[in-house]
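Here is a short note for someone opening this entry for the first time. Please keep the 3D view at hand while going through the points.

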Amino acid sequence: MAQGALRGPSDYSREPPRHPSLRINAKEPFNAEPARRDLVASYITPVDLFFKRNHGPIPVLDDIASYYVTIGGLSGGPRRLSLDDIRKLPKYNVTATLQCAGNRRTEMSKSRKVRGVGWDVCALGNATWGGAKLSDVLGLVGVPCHTEITPSGGKHVEFISVDQCPEEKGGPYKASIPLGQATNPAADVLLAYEMNGEVLKRDHGYPLRAIVPGAIGARSVKWLDRIDIIEEESQGFFMQKDYKMFPPSVDWDNIVWSTRKPQMDYPIQSAICSLEDMSVIKPGQITVAGYALSGGGRGIERVDISSDGGKSWFEAHRYQKQGVQYVAGNITSDKWAWVLFKATVDVKGDTEIVVKAVDSSANVQPESVESVWNLRGILNTCWHRIRLLATPNLRSSM
């Protein structure tokens, strides 16, 4: 049972306020994303416009002074750490993009129906997370950096929340990462208590959450209650019966969950956010803008734009911070963060604008959604296509 200070309610009577411009994809539990243009208006996503992904009612903290996180699986027995204990460790600010594995699920469902909350292209956001490195926290309780396996056989670190999830029969959300990743300072895994320089909001994990850069958002567990060092990966629902990538031939009648590993890093991804999927425009020059990102800390080597449905391509301009040239892998670039892009396209008539990105390992997005279709609708990374209808009679004021 979760500690008394932080608890997961059984109903939705104490939900926090949300920004009115968010597109609500599910009300209970609350799942919402920003408008496309709002998402790429800034490199750092404002907290209010950051996508909300929940599996139950938002937890409530009654008394911050009595909050603690329990670390289990240690040779000397469990240790309790207060927020003050964690704040005393060196603070790191890590700019990292979190992306829901179900981003662009609605588009995939148009090919063949999938199960899950429908998302457009905005189930992601880029924030600067502040907190202690998990490697430092584990060092504090006797687990040294670069530990792959503990003397007692622990090989994974499990994050356990307090929220009540129907999929866990009312139990908490949980997920794990390999111990070697958790104890590697260069992996930048955080126990975060700040987001964009402010105390975490309730929707985003107050008072303490995990941030696992480069992995799908489902591994960055919010509202931390426990952190356990365990022998096998987490056996929770969201590790064993969700967020796994199956081939298009698997359906709900023949699925065997144990045949696939839980998804960790996300693949190469990009999307256009300056236009809707079907846009009516006046012929002439238009700006095509959006985002690109890849998992595992891989940089974005190229963003390719086509104005003729994929027959020919040219490169878009890539950028992160204003006034600083983006170079994949350079120390001045944020390795865990998205890259925004812009390009000018001369539109003469009806056409299809397409984007695809290439990462620093030369991974490229697949052309068709059919090749990556899966029954849970995750990791839709196919080329993003925008259909343009050019009408000369469109008023210039539009």
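This is a predicted model: local features need pLDDT of at least 70, side-chain atom pairs count only at pLDDT 80 or more; totals for chains, interfaces and linings use all residues.

1. The protein chain splits into domain 1, residues 18-259, and domain 2, residues 269-390. Their centres, taken over C-alpha atoms, lie 26 Å apart. Domain 1 gives 48 residues to the contact, and domain 2 gives 39.

2. How much area do domain 1 and domain 2 bury between them? The figure is about 3700 Å². Carbon and sulfur atoms account for 58% of it.

3. Three salt bridges cross the interface of the two domains.

4. Which elements supply the side of domain 1 that touches domain 2? At least two residues each come from α1 (36-39), β8 (92-99), α3 (105-111) and β9 (124-133). By class, that side of domain 1 holds 23 nonpolar, eleven polar and 14 charged residues.

5. Finally, the whole chain. The protein chain has six helices and 24 strands. Its radius of gyration is 21 Å, close to the 21 Å that the globule rule gives for 398 residues, so the chain is as compact as a globular protein of that length. Along the principal axes, the C-alpha atoms fill a box of roughly 75 × 50 × 40 Å.

Note on methods
Residues are numbered from 1 along each chain as its sequence is written. Side-chain values use heavy atoms; hydrogens and water are left out. Domain bounds come from an automatic or database domain assignment. Contact means heavy atoms within 4.5 Å. Buried area is the accessible area (1.4 Å probe) that two parts lose on being put together, summed over both. A salt bridge is a side-chain nitrogen of Lys or Arg within 4 Å of a carboxyl oxygen of Asp or Glu. Helices (H or I, at least four residues) and strands (E, at least two) are DSSP runs, numbered from the N terminus. Ala, Val, Leu, Ile, Met, Phe, Trp, Tyr, Cys and Pro count as nonpolar, Asp, Glu, Lys and Arg as charged, and the others, Gly among them, as polar. The radius of gyration is taken over C-alpha atoms; the globule rule is 2.2 Å times the number of residues to the power 0.38.
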